[in-house]
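Biologist: I would like to learn how to read aromatic rings in a model. Please start with the terms.

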Amino acid sequence: MAAFTHVLTDIEGTTTAIAFVHRSLFPYAASALEPFLARHSGEPEVAAVLAEVPGKDKPAQIRAWMAADAKVTPLKALQGLIWREGYKAGDLQGHLWPDVAPALRDWHARGLHLAIYSSGSEEAQRLLVRHSEAGDLEPLFEGFFDTRMGMKREAASYTNIARAWGAEPAAILFLSDIAEELDAARQAGLATCQLVRCRGRHQALRPPSAGRRFWGCDIAAVGVTGPCCAVRTNPTATAESRTC
């Protein structure tokens, strides 16, 4: 078992239900878009984001990105600003799976360094853990990495994160539910572990693609305890799972 000193975690589908993002956060931002822009478009923070949106009809371009669930930095930044108002007003509260907060607190108490890497903006990440159902978890984290580091399925992004974090790639364990993200992290030298969460009664563990290998990950040793975790081992790429 490798001695990990840093844990980098995804959010959507890993610490937080995908349904929360798609049924609460995204609709909230969509419904509030035009009123938010009417109130704040002249403010420097919002104007800087809008300057990165191409075309003359900024709301139309933003809505097109929303419809496509585009992983583009200006959209994610604007959504984060809109959600900030929602969290402050009490309209939103960050969802976490029940095992997440205890694990994070335990890792932090044991001296592990924690950070988030998500396609959501740094602002959105901070808001979710600051206003989570389990209380304010923001102080547990040292870093909040978003698409400014690069896209999540590109190995260079994880190299950038390790450099920015001041950590050796091999000392970082990356947690995600997306196999392609784990593959990219592994190519950059990170250790990886796939967490498989329940998305429905019949959710099944998807077998790995031919040739896909995951670093050995002892869930119990890391401290992740949950009903749905997949352990991928190197070199056999066989899966061991606790089903829902």
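Modeller: Rings of Phe, Tyr and Trp (its six-membered ring) pair if their centres lie within 6.5 Å; planes under 30 degrees apart count as stacked, over 60 as edge-to-face and the rest as tilted. This is a predicted model, in which local features need pLDDT of at least 70, side-chain atom pairs count only at pLDDT 80 or more, and totals for chains, interfaces and linings use all residues. Residues are numbered from 1 along each chain as its sequence is written, and side-chain values use heavy atoms, with hydrogens and water left out.

Biologist: Which residues do ring pairs link into a cluster?

Modeller: Tyr 117, Tyr 158 and Phe 174. Within it, Tyr 117 and Tyr 158 are edge-to-face, with 5.3 Å from centre to centre and 85° between the planes. Both are buried, that is, under 20% relative accessible area, where over 50% is exposed and in between is partly exposed (1.4 Å probe, protein chains only).

Biologist: What lies over the face of Tyr 117?

Modeller: A charge counts as over a ring if NZ of Lys or CZ of Arg is within 6 Å of the ring centre and within 35 degrees of the ring normal. Here Lys 152 lies over Tyr 117, at 5.5 Å from the ring centre.

Biologist: How many aromatic pairs does the structure hold?

Modeller: There are 5. In one of them, Phe 26 and Trp 83 have ring centres 6.3 Å apart and planes at 15°, so the pair is stacked. Phe 26 and Trp 83 are both buried.
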